[in-house]
Number of protein chains: 2
Amino acid sequence: MIGIENIGVWFPESFESNFDLKARFEIDDYFINEKIGVQKVGRIKPEEQASDMCIGAFRNLESRCAVDSTEIDLLVVVTQNPDSNIPHVSALVHGKLGFSASCACFDISLGCSGFVYALSVVQSMMKENSFRRALLFTADPYSKIIDPDDKNTRLLFGDGAAVTLIGPNPVWETGKFSFGTLGHLSEALTCTNSILNMNGRGIFDFAARTMPKDLEKMLTSNNLTKEDIDVFVVHQGSKFIVDTLAKKMGIEPAKMPFKAQEYGNTISSSIPIILQEYLEEFSIGKIVICGFGVGLSYASTILKRIKK
Amino acid sequence: MIGIENIGVWFPESFESNFDLKARFEIDDYFINEKIGVQKVGRIKPEEQASDMCIGAFRNLESRCAVDSTEIDLLVVVTQNPDSNIPHVSALVHGKLGFSASCACFDISLGCSGFVYALSVVQSMMKENSFRRALLFTADPYSKIIDPDDKNTRLLFGDGAAVTLIGPNPVWETGKFSFGTLGHLSEALTCTNSILNMNGRGIFDFAARTMPKDLEKMLTSNNLTKEDIDVFVVHQGSKFIVDTLAKKMGIEPAKMPFKAQEYGNTISSSIPIILQEYLEEFSIGKIVICGFGVGLSYASTILKRIKK
């Protein structure tokens, strides 16, 4: 059996407050607190890159548990804002951490669905190749591609990173996954000439229409119903989309929380950042995780607590 | 059992002859024919992108076998020169081909080791998630990042793409894989400000030193020796590196051929382009495949013929 053993997270030193931007974007406290739900967002320094964010998350992981680097047979980075396209970020992280030559490394290009997809990729690779342990990094510094005049993106996306340690002594193991792609809608979230363009309404409509049905399908494939689930950790796109999903699925808001008030939408890191909080909440047995975004792409699975 | 069922390949309409560049780069026929071994290289049109190359390879695949798009549960693109970083190329290809919503899509960022890595990723994902069939695209248009004044890269890298159909009725199944990374050497191949920089000597030394040992290790893990292998399909970095590997391993050149004379180093497509030729060569039972490059990264495995 393999699964999630531990999680490290990282945030930048500097944050930008959305309250300071009220006049500039003609928004009020209600919009900040209830609509997007994001009060402030992390902003990396100009010289910081995705690989630095990964190293930061790894240092946090090391502060939580011993990591024997000689046991890490696989190192994956999920990002769409790499230091550069050549080489991949995972090779840079491998070099900076001085890992062994026998460690397999590659990057996965996915956005907000990336953690869930990569969890399946990593675990599948581990089982098939008898790998001992793996590190799954998520680090997507959107601040590098945000147009400072774009209210839709500047107020929402924050920099943050996570690293998930996967191995044979897990806190959680996963159930069956569900994956999906609506490639014909990919224009809703693009980056052209290093500027992010988001059709917020398009993404919202996609998520509100697609995810409730997909989550029901995934639960059925695991012989579960939504009543069996203690917490739904869905991608923190905005408070409005999380609240809408809870309402459409008839789930009480406390069971599908929005928790990104103080760091915003961290793309593929949004789910592991929250999962870190639950690692030692032993009363929580079953968690649904669900990502959706760029692609448009979506994925979900359940986490079942092993360590009690 | 799953494995490689078929392969489609694609080349651009336009090629550039290295013989036309002899004066400019002060090179002779010996350098072209024996050292790099590359006589001409494919060059995509300015408006063509990685996703177009994938579609071209898919059309070639369709000309070779029936592809039921409703059975494709996974679509992976290996590239480090995507149309854009957001969205991933696999979502664009998914949209252009009109595939079903339940198809999982993601890109893998790797260079010349990418096909071998991705073959393991795809097959592992398929087994773990009970996927029926998958398409593994490789498309890395280096012509977009080549400095026309750089002899080291312009004469070597050509545009080309491939798509590998993986499913339950294979021509070949894979053996055990070997993977490796030397992240501390990643500076030997980088792209900065959209310009590729290659330390050719660094890459050569890495490959000549690392790959013979790694191939021996991989063969041993599969309970095979090099005498059991009919053909070694190694990454077509240059004729010189392929010849050097054959010599160092004591393998006759005909068993480790250089075949990229007419299209050059096509990065992650170099191996599947050659494998297409062998699909129906029934006398060839066991093939070693071996990729190495950007990262620095390497991977190898064997293909065992199932369909006789």
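The model is predicted; local features need pLDDT of at least 70, side-chain atom pairs count only at pLDDT 80 or more, and totals for chains, interfaces and linings use all residues. Residues are numbered from 1 along each chain as its sequence is written, while chains are lettered from A and ligands numbered from 1 in the order in which they are written.

**Two copies and their interface**

Chain B can be laid on chain A with an RMSD of 0.0 Å by a turn of 180° and a shift of 0.0 Å along the axis, where copies are superposed by least squares on the C-alpha atoms of residues with pLDDT of at least 70 in both. The two copies are therefore related as by a two-fold rotation axis. Their contact takes 49 residues from chain B and 49 residues from chain A; two residues are in contact if their C-beta atoms, placed from the backbone, lie within 7 Å. Because 100% of the interface residues of chain B are also interface residues in chain A, the copies meet through the same surface.

Among the elements that give two or more residues to the chain B side are helix H4, strand E5 and helix H5 of chain B. Helices (H or I, at least four residues) and strands (E, at least two) are DSSP runs, numbered from the N terminus. H5(B) provides the largest share of that side, 9 residues.

**Two domains in chain A**

An assignment, automatic or from a database, divides chain A into domain 1 (3-170) and domain 2 (173-305). The centres of these domains, taken over C-alpha atoms, are separated by 17 Å. Domain 1 of chain A gives 45 residues to the contact and domain 2 of chain A gives 46 residues. On the domain 1 side, H5(A) supplies the largest share, 7 residues.

The table sets out the classes of residue on two contact sides.

E5 of chain A and E5(B) run antiparallel and are joined by 3 bridges; two strands pair if DSSP finds at least two bridges between them. A:Ile108 stands opposite B:Ile108, and A:Asp107 has B:Ser109 as its bridge partner. Within chain B, strand E4 pairs with E5(B) in the parallel sense over 5 bridges, with B:Val76 opposite B:Phe106.

E5(B) is largely enclosed by the rest of the structure, because 6 of its 6 residues are buried. A residue is buried if 20 or more other C-beta atoms lie within 10 Å of its own, exposed if 12 or fewer, and partly exposed in between, with C-beta atoms placed from the backbone. B:Ala104, B:Phe106 and B:Ile108 lie on one side of E5(B), and B:Cys105, B:Asp107 and B:Ser109 on the other.

**The nonpolar core**

A nonpolar core is a set of buried Ala, Val, Leu, Ile, Met, Phe, Trp, Tyr and Cys residues joined through C-beta atoms within 7 Å. The largest has 216 residues, and those touching the most other members include B:Cys54, B:Val76 and B:Phe137. Leaving aside neighbours within four places in sequence, B:Cys54 is in contact with residues including B:Val77, B:Val89 and B:Phe137.
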